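Here are my notes for anyone opening this one up for the first time. Have a look at the model, then go through the points below.

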Amino acid sequence: MEVSNTKQQHQSASISLTKPVRCIVKLGGAAITCKNELETINEENLKTVSSQLRQSMTTGSNSGEVLGMDWSKQPGESEISSPISDFEDRPVVDSSPFIVVHGAGSFGHFQASKSGVHKGGLYQPLVKAGFVATRISVTKLNLEIVRALAREGIPSVGMSPFSCGWSTRERNIASADLSAVAKAIESGLVPVLHGDAVLDDLLDCTILSGDVIISNLAAHLKPEYVVFLTDVPGVYDRPPSEPNAVLLREIAVGKDGSWSIEKPTLQNKNKQVETSVAAHDTTGGMLTKISEAAAIAKLGIDVYIVELGTGSDEPCVEGLEWRIERQPS
C-alpha cells in the first residue's frame, strides 16, 4: 500500500538527522509469531523477513557473505561461535537507515488481557503483576527478533518504549523521548522497538501499540516510506477469512485524515472496512493499523501494507497490495 499527503501537525518538532531515515518497518505480531500458540515465534517467517530486510538495508556491499552479530551461545552448542577475524578486513558497508517496530502477537497480549493492564489501575495487585508479566513477555520477543536480525548481519539494538521514557495520557502518547533512537541511527545502528506496557498519566498504565509508535516515529523522523508487514496480502473490506472478502487496492486520504475506498469499486460505495479483533488483542487489531496508516499518509509519507515474504529484492517496495493516495484539493 502506498500513502501520501502533505501537511504535518504535531506538538514536537522533527528531529534532524545527518542521514535521513529511509524506512520504518512494522513486523506484524501475527506474521512473526504463531498467534494462537502462547509465546511461540514463527521461525520461518522471522528468518525470511530478516534476510529480506538485510537485502533492503544494504546498498553497497561487495560480498554476499553474511557475517552474523549474534555472538551468544546457541541451543545445542557448547561454545560461542563468532566470526571475529572475518570482521577485521571487512570493508565498511553503506546501509540505509531503517527502524524496525514489531507487534507482540502471541507474546504479551495474553498477560495484558487477563490482568487488564490496558484498562489501567496499576494500584491493583493483579494489574501490577500483569504489567510486569506483559513486559517480561514482550521484551523476550524483542530480544529474539534482535537476535534474528543480528544473525543476518543487521546491527540491531532493542529499545523498549517504557525504558526509553515513553508514556501516555488516556492511551494517547504524552511523552516520547526519541533521543536514544536518533543517536542509534546516527551511530549506524538499527533501533528495534515494540508494543509495550507503559505508564499513563490518568489511567496509571496501559498498552502502547506498535502501530501508534510507528505513527509517532514517522511524524518526527519523516522517513521516505513506512511498511506494515502482515500475515495477509493487505487490507480487505472485511476479515479475509469471511466469504467474498475483497482485497483493497487504493484508498484516498483526505486533508482531515478521513479515508475512503477508491479501488476496487465496491457495490456499496459508502461501505467501510469491517474488522475483527481477537479476544486477547488489547491494541485494536487491523482497525488501529488502518487509522495509523491514514494518519501517516496525512504527513506526506508513503505507506505500504503488504504480506510478509512477498516482493523481490526490495520487499519494502515491490509486491504492493494496498495503495492510499491523496484526494485532490
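1. Let's begin with the cysteines. Cys-34 is partly exposed, with a relative accessible area of 22%, while Cys-164 comes out as buried at 19%. For these labels, buried means under 20% relative accessible area, exposed over 50%, and partly exposed in between (1.4 Å probe, protein chains only). The structure has zero disulfides, a disulfide being a pair of cysteine sulfur atoms within 2.5 Å.

2. A word on what you are looking at. This is a predicted model, where local features need pLDDT of at least 70 and side-chain atom pairs count only at pLDDT 80 or more, while totals for chains, interfaces and linings use all residues. Residues are numbered from 1 along each chain as its sequence is written, and side-chain values use heavy atoms, with hydrogens and water left out.

3. Next, the salt bridges (a side-chain nitrogen of Lys or Arg within 4 Å of a carboxyl oxygen of Asp or Glu). How many does a search of the whole structure find? It turns up seven. One of them joins Lys-26 to Asp-211, with the closest N and O atoms 2.7 Å apart. That pair links distant parts of the chain: Lys-26 sits in strand β1 (residues 23–27) and Asp-211 in helix α7 (residues 210–221), 185 residues apart. Both Lys-26 and Asp-211 are buried. Helices (H or I, at least four residues) and strands (E, at least two) are DSSP runs, numbered from the N terminus.

4. Glu-152 and Arg-54 also meet in a salt bridge, at 2.7 Å from N to O. Glu-152 is in the loop between α5 (125–151) and β3 (156–158) and Arg-54 is in helix α2 (residues 43–57), so this pair ties together parts that are 98 residues apart in sequence. Glu-152 counts as buried because its relative accessibility is 12%, whereas Arg-54 is partly exposed at 21%.

5. Then there is Arg-135 with Asp-196, whose closest N and O atoms are 3.0 Å apart. Arg-135 belongs to helix α5 and Asp-196 to strand β7 (residues 196–200), so parts 61 residues apart in sequence are tied together here. Buried or exposed? Arg-135 is buried, at 15% relative accessible area, and Asp-196 is buried too, at 1%.

6. Salt bridges also form a network, which links Asp-70, Glu-144, Arg-147 and Arg-151.

7. Over to the surface, and the patches. These are made of residues with over 30% relative accessible area and no salt bridge; like charges are joined within 9 Å, and nonpolar side chains (Val, Leu, Ile, Met, Phe, Trp, Tyr) within 5 Å. Glu-65, Asp-86, Glu-88 and Asp-89 gather in a patch of negative charge. Glu-88 is in helix α3 (residues 84–88) and is exposed, with a relative accessible area of 62%.

8. Helix α3 also holds Ile-84, which is partly exposed at 44%. Together with Trp-71 and Ile-80, Ile-84 makes a nonpolar surface patch of about 290 Å². Accessible areas here come from the Shrake-Rupley method with a 1.4 Å probe.

9. Last, a look at Ser-160. It lies in the loop between β3 and β4 (167–169) and counts as buried because its relative accessibility is 11%. Ser-160 and Val-192 are 32 residues apart in sequence, and their C-alpha atoms are 8.2 Å apart in space.

Technical notes. Lys and Arg count as positive and Asp and Glu as negative; His and the chain ends are not counted. The place of a charge is taken as NZ of Lys, CZ of Arg, CG of Asp or CD of Glu.
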